[in-house]
Amino acid sequence: MNLPVKYRPKTFDDVVGQEHVVKTLKNALKHKKISNAYLFTGQRGVGKTTVARILAKGLNCEKGPTPFPCGRCEMCKEIETGNSLDVIEIDGASNRGIDQIRELRENVRFMPVKARYKVIIIDEVHMLTNEAFNALLKTLEEPPENVVFIFATTEPRKIPETVLSRVQRFDFRPLSEKAVVERLKHICQNEHIKCEEEALSLIYEASEGSMRDAISLLEQAYIYGEGEIKAKTLREVLGILEEEIFLNLFKYIQEENSKSVIELLRNVLNKGYSLYDFHKGLIKATYKLMEASLFGYSNDYTDLVKYFSEQDILYIFAILKEMEQVLRLSNYPRALFEYELLKLANLKKIVPLKAAQIISNYAQQNDREKEDTGFSIQKNTSSSSKTELFEELIEKLKLKEVSNNGSVQINE
Ligand SMILES: Nc1ncnc2c1ncn2[C@@H]1O[C@H](COP(=O)(O)OP(=O)(O)O)[C@@H](O)[C@H]1O
Ligand SMILES: [Mg+2]
Ligand SMILES: [Zn+2]
């Protein structure tokens, strides 16, 4: 099938999103204000190569230069099928040396064979060696007539300043959920694919704004689901855990039910999901909890907000970071992952304790006053009675004399 190829836009108006790019390039073609070199930046699968080819057609269409290449003339067809001798696509990753660029410089000195413009598309241009960039720069400084360079890259930071200053740059953006979902729906309709609405959202989330990834996933899920795409099968393909699992997890954490917390993880693993899947899901869930808590967003986590203070959420994120380390570095990821989860189950004890320790350390080191520590100590308090005071403070905190929102409050 290869849906991403089948659904590669053939005209500017077919391109989804990237309005700023499309508009400027169409205007350039309309007014025949063509640059010698363009740079297209952006993550993979957002339309860089697609737009480069459409631009090549717009420049060379028999009716052109035109913002509306016909798609039917010989030039348009040759470019579409990749058979034009004048539109050359080079992969910068495998042609990164000086020799390849020298060859290219030779080539561009000759007039186009048939077309109006020779178009050189260099993909992943950031991979070129320094020498190669320098050679390229010479051509950009004295560009031959009728040659248009289009550079594409996912990592513009790696391109030398000297080159950047000689190109017209366009930043391609990740595609929005709406844009991706609409495109997928269009494809489903055309291909007579049955697909649940929820599945489309899941695909979008997994694609992280890449249209290519989204369309590939759609195809994968279609094959896996034997013609029908359901949220359930998609979760299996993608290792996405149900929201309900994390809602339960937070419930157990709030109840300080360590046993259930660990059992919940083990059940998930028994179903064939990985620690990595679990971690990924928990990050998303915590993120949503934070949004519900800080911004009052109404989502599945809204009801949990009252149980988790900002400090709690901070601490959960800190643990998520530690889990990531465990997954990446540890020889015993399973056990240490469970250890981190246990910490979460003891969140309500650990957070105030930590807070108390910090205050205590801090105040013992410094004779600070009220505004710093949130409570005051007489300047002339003897150091032993200070220590007593802090011990008492820690004791109180252990007994959970902490206000509901988690802030530490001490009555003098
Ligand atoms: N903006 C877009 N609008 C519509 N389809 C897109 C878009 N970007 C990518 N695609 C889809 O993804 C495929 C790969 O896109 P491509 O232009 O090669 O991405 P890039 O060069 O940015 O990695 C295309 O064939 C097309 O199916
Ligand atoms: Mg590309
Ligand atoms: Zn044409």
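Me: Leaving aside its neighbours within four places in sequence, which residues is Gly45 in contact with?
Reply: Beyond those neighbours, Gly45 is in contact with Ser210, Met211, Arg212 and Asp213. A contact here means that the C-beta atoms, placed from the backbone, lie within 7 Å. Keep in mind that this is a predicted model.

Me: What makes Gly45 buried?
Reply: Gly45 has 23 other C-beta atoms within 10 Å. The cut-off for buried is 20 or more, so Gly45, with its 23, is buried.

Me: Which residues come nearest to ligand 1?
Reply: Of the 22 residues around ligand 1, the nearest are Arg8, Gly47, Thr49, Thr50 and Arg212. The elements giving two or more residues to that shell are α1 (3–6), α3 (48–60) and α10 (211–224). By kind, the shell divides into 10 nonpolar, seven polar and five charged residues.

Me: How do you know that ligand 1 lies between domain 1 (3–171) and domain 2 (177–238)?
Reply: Both domains give residues to the shell around ligand 1, so the ligand lies between them.

Me: What makes the length of helix α8 agree with its number of residues?
Reply: Helix α8 covers residues 177–191, which is 15 residues. At 1.5 Å a residue they should span 21 Å, and the end C-alpha atoms are 21 Å apart, so the two agree.

Me: Which residues of α8 are buried, and how do you know that they are on the same side?
Reply: The buried ones are Val180, Arg183, Leu184 and Ile187. They cover an arc of only 100° around the axis, which puts them on the same side of α8. The face turned away from that buried side carries the exposed residues Lys178, His186 and Gln189.

Me: What do the buried residues of α8 pack against?
Reply: Their partners are α1, α9 (197–207) and α10.

Me: Why is His192 called exposed?
Reply: It has 7 other C-beta atoms within 10 Å. A residue with 12 or fewer counts as exposed, so His192, with 7, is exposed.

Me: And why does Gln18 count as buried?
Reply: Gln18 has 24 C-beta neighbours inside 10 Å. Gln18 is found in the loop between α1 and α2 (19–30). Like His192, Gln18 has a positive phi of about 55° although it is not a glycine.

Me: How do you know that the span of helix α6 agrees with its 12 residues?
Reply: Those residues, 130–141, should span 16 Å at 1.5 Å a residue, and the end C-alpha atoms of α6 are 16 Å apart, so the numbers agree.

Me: What puts the buried residues of α6 on the same side?
Reply: The buried residues are Ala132, Leu136 and Thr139. They cover an arc of only 50° around the axis, which puts them on the same side of α6. On the other side, Asn130, Lys138 and Glu141 are exposed. The buried residues of α6 pack against α5 (98–108) and α7 (161–164).

Me: Where does Pro65 lie, and is the peptide bond from Gly64 to Pro65 cis or trans?
Reply: Pro65 lies in the loop between α3 and α4 (74–81). The peptide bond from Gly64 is cis, with omega near -5°. For comparison, most peptide bonds are trans.

Me: How many helices and strands are there in the protein chain?
Reply: The chain has 19 helices and seven strands. Of its 412 residues, 33% are buried.

Key: Residues numbered from 1 in each chain as written. Chains lettered and ligands numbered in written order. Predicted model: local features only at pLDDT ≥ 70, side-chain atom pairs only at ≥ 80, totals over all residues. Near = placed C-beta within 6 Å. Helix = DSSP H or I, 4+ residues; strand = E, 2+ residues; numbered from the N terminus. Nonpolar A, V, L, I, M, F, W, Y, C, P; charged D, E, K, R; others polar. Domains from an automatic or database assignment. Expected span 1.5 Å × (residues − 1). Arc of directions from axis to C-beta. Contact = placed C-beta atoms within 7 Å.
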